[in-house]
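Biologist: I've got a model open on my screen and I'd like to learn how to read it. Could you walk me through it, one feature at a time?

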Protein chains: 2
Amino acid sequence: MADYIVPIRKLIDAYRRLPGVGEKTATRYAFATLNLSPEEAELFADAVIGVKRDIAMCPVCCGLSAGGECDICADSDRDPSVICVVENPKDVTVMEKVRGYRGKYHVLGGALAPLDGITPDKLHIKELIDRVSAGGVTEVIIAANATPQGDTTAAYLARVLEPYGVKTSRLAYGIPVGGDIEYADDVTLYRAFEGRRSL
Amino acid sequence: MADYIVPIRKLIDAYRRLPGVGEKTATRYAFATLNLSPEEAELFADAVIGVKRDIAMCPVCCGLSAGGECDICADSDRDPSVICVVENPKDVTVMEKVRGYRGKYHVLGGALAPLDGITPDKLHIKELIDRVSAGGVTEVIIAANATPQGDTTAAYLARVLEPYGVKTSRLAYGIPVGGDIEYADDVTLYRAFEGRRSL
């Protein structure tokens, strides 16, 4: 089959690097890009470069910042005695949906998976221990994903943080709110049963 | 809800301009972009700019070219007496899958939709008439989409090309190969019935 002309082929190949984007979707995106105005295309290209150029790692929580400490770490209105530990930078914004939470964050940069070579030294665990050992922290809430890797990470963190006398907790497993137990999988149901609360 | 930091928000907004991409998908793409190497991001941005900068309209067929006549128009091995008319530049590559076709193309740039303001002067119909009136063309195959707009366009073209004595034809409607008639819609079935061929 004849291929698209070079500039389009290059853009299709670039779009294919995005998650879940195959040849057909990438082609659709490439032709949509062709229909943007030159100004819109310029803004788009600049935004792609921008995420690499203008984003730094917050030296405190290891999350994303626009340079120096991130907004949450710099916010003196937030309670520094509670740290919510998440796997990825994106999860900070996800957790911020829990409007009641006014503590700080710590981004690990992934979850432990020793078989894939992701050992504790590959994550920002040392930085977390440094923050906790510096004092003033009373609780560490581990908001790792509900995956085997997340479980391993949570168990590991609970163990290494124990000497510092902080309370460690983990997000609850259970039936999603609005969920029908008929459609919950066995493991979720088991965890929900195990974690039942008296009324 | 707290929003993402500015460089990420800009990129999310840029991705949202792509067809079928909402907030969630755009966010996923933005974070995937963040994980590209600086070189990959540079290539991506350059490809976005490239489709606007390096693509011109072929002066003959009104399709896409990398400058001057497109490869198909410039190919002297292809039969100039047959022109396949398509709606969009992308359709040329689609039609090229029909490996047996060795004629030329003409890209209209859309389909007639007078109610939406797409009148004949908005499409590259004049250029098609010029090509046909210059002589040497014996058949015009109208490969417009199987939509009401495509039908209108095909009927219009057949009428305006009539004075030049060229044969005009249209792609057949019918059951897709491998398709089960049980799942064909009424209109397709009716068209397939109407267009039945003796064995």
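Modeller: Happy to. Let's start with cysteines: a disulfide is a pair of cysteine sulfur atoms within 2.5 Å. Keep in mind that this is a predicted model.

Biologist: How many disulfides does a search of the whole structure find over all chains?

Modeller: Zero, over all chains. Take A:Cys58: the closest cysteine sulfur belongs to A:Cys73 and sits 3.7 Å away, which is too far for a bond. A:Cys61 is in no disulfide either, and its nearest cysteine sulfur, again that of A:Cys73, is 3.7 Å away.

Biologist: Are A:Cys58 and A:Cys61 buried or exposed?

Modeller: A:Cys58 counts as buried because its relative accessibility is 0%. A:Cys61 counts as buried too, at 3%.

Biologist: Next, the sheet. In what order do the four strands of chain A run?

Modeller: The order is E4-E3-E5-E6, the sheet is open, and the pairing is parallel. At the edges you'll find E4 (103-107) and E6 (167-170) of chain A, each pairing on one side only. On average, neighbouring strands are turned by 25° against each other, ignoring direction.

Biologist: And how do I read the pairing of a single strand?

Modeller: The general idea first: in a regular strand, side chains alternate between the two faces of the sheet. Now look at E3 (residues 79-86) of chain A, which is joined to the parallel strand E5 (residues 139-143) of chain A by five bridges. One place to check is A:Val82, whose bridge partner in E5(A) is A:Glu139. E3(A) also pairs with E4(A), again in the parallel sense and over five bridges. There, A:Ile83 stands opposite A:Lys104 of E4(A).

Biologist: How many residues of E3(A) are buried?

Modeller: Six of its eight, so E3(A) is mostly covered.

Biologist: Which helices should I look for on this sheet?

Modeller: Helix H6 (residues 125-133) of chain A lies across E3, E4 and E5 of chain A, and runs at about 150° to E4(A). Helix H7 (residues 148-161) of chain A packs on the sheet as well, touching E3, E5 and E6 of chain A. The direction of H7 makes about 170° with that of E6(A).

Biologist: What about a helix that's tucked away? How do I read that?

Modeller: An α-helix has 3.6 residues a turn, so residues three or four places apart point the same way. The buried ones are A:Pro7, A:Ile8, A:Arg9, A:Leu11, A:Ile12, A:Ala14 and A:Tyr15.

Biologist: What do the buried residues of H1(A) pack against?

Modeller: Elements of both chains. In chain A they pack against helix H2 (23-34) and helix H3 (38-53). From chain B, they meet helix H1 (6-15), helix H3 (38-53) and strand E2 (64-65).

Biologist: That brings up the two chains. How are the copies related?

Modeller: As by a two-fold rotation axis, because chain A can be laid on chain B by a turn of 180° and a shift of 0.0 Å along the axis, with an RMSD of 0.1 Å. To find the axis from chain A, go to A:Ala45: its C-alpha is the nearest one, 2.1 Å away. The copies meet through the same surface, since 100% of the interface residues of chain A are also interface residues in chain B.

Biologist: Last one: charges. What's the idea?

Modeller: Side chains of opposite charge can pair when their charged atoms come close. Here the count comes to 19 salt bridges over all chains. One of them joins A:Asp54 and A:Arg53, 3.0 Å from N to O. A:Asp54 is partly exposed, at 34% relative accessible area, while A:Arg53 is exposed, at 51%.

Biologist: And in chain B?

Modeller: B:Asp3 forms a salt bridge with B:Arg9, with the closest N and O atoms 2.8 Å apart. B:Asp3 is partly exposed at 45%, whereas B:Arg9 is buried at 18%. B:Glu23 and B:Arg16 meet in a salt bridge too, 2.9 Å from N to O.

Biologist: Which residues of chain A are linked in a network of salt bridges?

Modeller: A:Asp3, A:Arg9, A:Asp13, A:Arg16 and A:Glu23.

How values were computed
Residues are numbered from 1 along each chain as its sequence is written. Chains are lettered from A and ligands numbered from 1 in the order in which they are written. This is a predicted model: local features need pLDDT of at least 70, side-chain atom pairs count only at pLDDT 80 or more; totals for chains, interfaces and linings use all residues. Side-chain values use heavy atoms; hydrogens and water are left out. Buried means under 20% relative accessible area, exposed over 50%, partly exposed in between (1.4 Å probe, protein chains only). Two strands pair if DSSP finds at least two bridges between them. Helices (H or I, at least four residues) and strands (E, at least two) are DSSP runs, numbered from the N terminus. Axes are lines fitted to C-alpha atoms, for helices over the stretch in contact, and angles run from 0 to 180 degrees between N-to-C directions. Contact means heavy atoms within 4.5 Å. Copies are superposed by least squares on the C-alpha atoms of residues with pLDDT of at least 70 in both. A salt bridge is a side-chain nitrogen of Lys or Arg within 4 Å of a carboxyl oxygen of Asp or Glu.
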